[in-house]
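Reader: I am new to this structure and would like to learn how to read its features one at a time. Could you give me the general idea of each feature and then the case at hand?

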Amino acid sequence: MNPDASTIAAGAPIEVDLSPVAEGQDIKVFWRGKPIYISHRTKKQIDEARAVPVASLPDPQSDEARVKSGHDQWLVVIGICTHLGCIPIAHEGNYDGFFCPCHGSQYDSSGRIRQGPAPANLAVPPYTFVSDTKIQIG
Amino acid sequence: MSGPSDYQPSNPALQWIERRLPIMGLVHSSFVVYPTPRNLNYWWTFGAILSFMLGMQILTGVILAMHYTPHADLAFKSVELLVRDVNYGWLLRNMHACGASMFFFAVYVHMLRGLYYGSYKEPREVLWILGVIIYLLMMATGFMGYVLPWGQMSFWGATVITNLFSAIPYVGESIVTLLWGGYSVGNPTLNRFFSLHYLLPFLIAGVVVLHVWALHVAGQNNPDGVEPKSEKDTVPFTPHATIKDGFGVACFLLLYAWFIFYMPNYLGDADNYIPANPGVTPPHIVPEWYYLPFYAILRSIPNKLAGVIGMFSAIIILCFLPWLDAAKTRSSKYRPLAKQFFWIFVAVCILLGYLGAQPPEGIYVIAGRVLTVCYFAYFLIVLPLLSRIEKPRPVPNSISEAILAKSGKAVASIAVALVAAGALFVGTLQDARAEGDLKPPSNKWSFSGPFGKFDRGSLQRGLKVYKEVCSNCHSLNYIAFRNLADAGGPGYSVAQAAAFAADYKIKDGPNDAGDMFERPGRTADYFPSPFANEQAAAAANGGKAPPDLSLITKARSYERGFPQFIFDFFTQFQEQGPNYVDAILQGFEEKPPEGVTVPEGTYYNKYFPGHAIKMPKPLSDGQVTYDDGSPATVAQYAHDVTTFLMWTAEPHMEARKRLGFQVFIFLIIFAFLMYFTKKKVWADSH
């Protein structure tokens, strides 16, 4: 009952062109049936994410570890709440990040859990920068 | 199922069979001469009611499966077409969907009856545990069945529930992948849920056979909790129990029919009339009512894994009930303290159910935690403790003695429960919805109530408004031109419907040359969409596709709040959707009130949740010309088009209400006949 061959094939890596995404904007793409948020973060959002003491977080992880160095303005996360799988809304909540309308979990501008019942940060999917304006997810 | 029978059929052919397969003897000894305690009350008829419901669900389910397509792109549509086009499809679907609720209602009564009268105690432990297994199977079946229509609540319910398993350490993720058959809830998930939803009811039927077998070995418990000692204590199953069960089922059918014919959507969620969309989470995911107490327990525990464990233990703990409650006296009738705690437990379960449907914030979370503790305390503290400290009243020596000494009612206990429930309720209602969103006003609709009919003139005018205004942006995918001539619809003739269709250009093809071409519409065609696809619709409308209107009056709703929703059940109030649509059409205001700004590209509407709607004010006075002299005002347009959209959402509503009336007349007469037959049969047994 594991995924069949066509499902696996459809889950192959995808390429996303980042050039149309302006600073402060984000886009949602689907990969393997999951929504992936790609945020072009502002300077303020990056600074906020880096100013927080990592040890004080429920799921400690530094912002640097969640983005690719040299591409610090791009945050790529799977938009599925780690609580029970709803889709958080971008640019909402108290932390300039994501807010899940189902059970009230709030994530910061690095996609890290800050408040609410979710146990973990928003997952970062496997991805690489093919060029400065293009990433491959998967 | 109680040993060899000495039953001998008189017909030689039957005798021949009986010598080779003693099946008639089995039936005879299990359901005819089988001795049942004389003092059983009506709570014992729920066993028969449950068997009836299981049969009903399997029967309607098998027929529904003949018309259903288990594919993510087609499931929603196939259910809608089933309701619209299959002969009595609406009836089958209502019977099956409401039947699930009725099945759970009956099983809860059955379980609470067992709890109250101590039916789980020695020697009926295995019987009880088999019952818990049936209940678990029912929960799984019910959940998977709810996923099949593939609406928003189906999809997101499936997402939330399957994600519960990801809390299990180490193997959780693999289990979730196995459930999904992919990387997220999708078509493979729907397929396997359909397969299992078809399989599990037969497993339930199998365990029911074991359950009845175990029952017939141990014998039935009874309200006094003393075992039958002599022939005087029992009556033969047939005709006594059969006819009593028959009367019980007839009364239950009245309730069931009330839902099927008059309140089919009362227990459902409006969001499930919106097709599943993996990109949008409904703001408030609620499971079906029968899971709510357990959902409340899940949410009250702040840790994910602990929440899942808590939820499952709330059910599994029932298996240990025979050993948690060691009291010698079976029936709570003779246990003054257990009786009070039982009713408090019932109140706790109902309140947990109420909390499960509320948003997880503020006072609701705290109340949920308190009640979760109460729930487990009943099993782990109260029952073990009571069996040690309680002094039960003396039990009668035999059932016949108990019948002679009949007296004493549970009024006091029910009062205790009501006071407990009331106090807790007042506590939970304290938060008094501060935001106080403006609720749509309740309008007068020609189609409301048990004899409601569509106003033909209103339907025809509404169709005109749809055609001239709404259809520029909104599709009407589930309505074909032929429907305009259907009974209970706008009342056009077939020729009028054909002429109406011919005005439309329908894309058809490919032809022999391989090209698509346009031709005039036929009655079998569906209303064409204004846009080629959803992306085009979204692109032309500022990023959000205008919703299809076929089901809009069923897919929109608003909270009526407690206690209004209870009154609604009796007054058959079902018009939240039409009220909402009508209110939205009239709720536009040129200028938002002081201090409110709406984002660019949206318009202020006082009834729209959040008040910023993408749709510009669609209607203005005089925009559509009416030929019949009705006022050409926005209020009239809104009323007419809403009436029309109620018809598109439920074209067979008139048939439903008409058949409902006939069924009720029949059931009432039938129930009376059963009652008097039962009285006659039992005349010399009391």
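This is a predicted model: local features need pLDDT of at least 70, side-chain atom pairs count only at pLDDT 80 or more; totals for chains, interfaces and linings use all residues.

Reader: At what angle do helix α3 and helix α9 of chain B pack, and how far apart are their axes?

Author: Two packed helices are described by the angle between their axes and the distance between the axes. Helices here are DSSP runs of H or I with at least four residues, strands are runs of E with at least two, and both are numbered from the N terminus. Axes are lines fitted to C-alpha atoms, for helices over the stretch in contact, and angles run from 0 to 180 degrees between N-to-C directions. Helix α3 (residues 46-65) of chain B packs against helix α9 (residues 187-218) of chain B at about 155 degrees, with the axes 11 Å apart. The two helices, α3(B) and α9(B), are therefore roughly antiparallel; angles under 35 degrees count as roughly parallel, over 145 as roughly antiparallel, 65 to 115 as roughly perpendicular and the rest as oblique.

Reader: Which residues of α3(B) and α9(B) make the contact?

Author: Contact means heavy atoms within 4.5 Å. On the α3(B) side the contact is made by B:L54, B:I58, B:V62 and B:A65, and on the α9(B) side the residues include B:F194, B:Y198 and B:V208. By class, this contact of α3(B) with α9(B) has 11 nonpolar, no polar and no charged residues, where Ala, Val, Leu, Ile, Met, Phe, Trp, Tyr, Cys and Pro count as nonpolar, Asp, Glu, Lys and Arg as charged, and the others, Gly among them, as polar. The crossing of α3(B) with α9(B) is left-handed, a word used if the near helix is turned anticlockwise from the far one by less than a right angle, with right-handed used if clockwise.

Reader: What is the handedness of the crossing of α5(B) and α14(B)?

Author: That crossing of α5(B) and α14(B) is right-handed. Helix α5 (residues 89-116) and helix α14 (residues 336-356), both of chain B, pack at an angle of about 155 degrees with their axes 10 Å apart, and α5(B) and α14(B) are therefore roughly antiparallel. B:L112, B:L115 and B:Y116 of α5(B) meet residues of α14(B) that include B:K339, B:F342 and B:W343. The residues of the contact of α5(B) with α14(B) divide into seven nonpolar, no polar and one charged.

Reader: In what order do the four strands of the open sheet in chain A stand?

Author: Strands of a sheet pair through backbone hydrogen bonds, either parallel or antiparallel. Two strands pair if DSSP finds at least two bridges between them. In chain A the four strands have the order β5-β6-β7-β8, with antiparallel pairing. β5 (89-92) and β8 (113-115) of chain A stand at the edges with a single partner strand each, so one side of each has no neighbour in the sheet. Three bridges join β5(A) to the antiparallel strand β6 (residues 97-99) of chain A, and A:E92 stands opposite A:G97 in β6(A).

Reader: How many residues of helix α23 of chain B are buried?

Author: Buried means under 20% relative accessible area, exposed over 50%, and partly exposed in between, with a 1.4 Å probe and protein chains only. In helix α23 (residues 576-586) of chain B, 10 of the 11 residues are buried, so this helix is largely enclosed by the rest of the structure. Among the buried residues of α23(B) are B:Y580, B:V581 and B:I584, and what covers the buried residues includes α21 (552-555), β6 (612-613) and α24 (634-649) of chain B.

Reader: Which residues does the cis peptide bond with omega of about 5 degrees join?

Author: Most residues other than glycine have a negative phi, and most peptide bonds are trans. The cis bond with omega of about 5 degrees joins B:E122 and B:P123, and B:P123 is found in the loop between α5 and α6 (125-147) of chain B. Another cis peptide bond, with omega of about 10 degrees, joins B:T238 and B:P239.

Reader: Is B:Y170 buried or exposed?

Author: B:Y170 is exposed, with a relative accessible area of 84%. B:Y170 is not a glycine, yet has a positive phi of about 65 degrees, and lies in the loop between α7 (152-164) and α8 (172-180) of chain B.

Notes:
Residues are numbered from 1 along each chain as its sequence is written. Chains are lettered from A and ligands numbered from 1 in the order in which they are written. Side-chain values use heavy atoms; hydrogens and water are left out.
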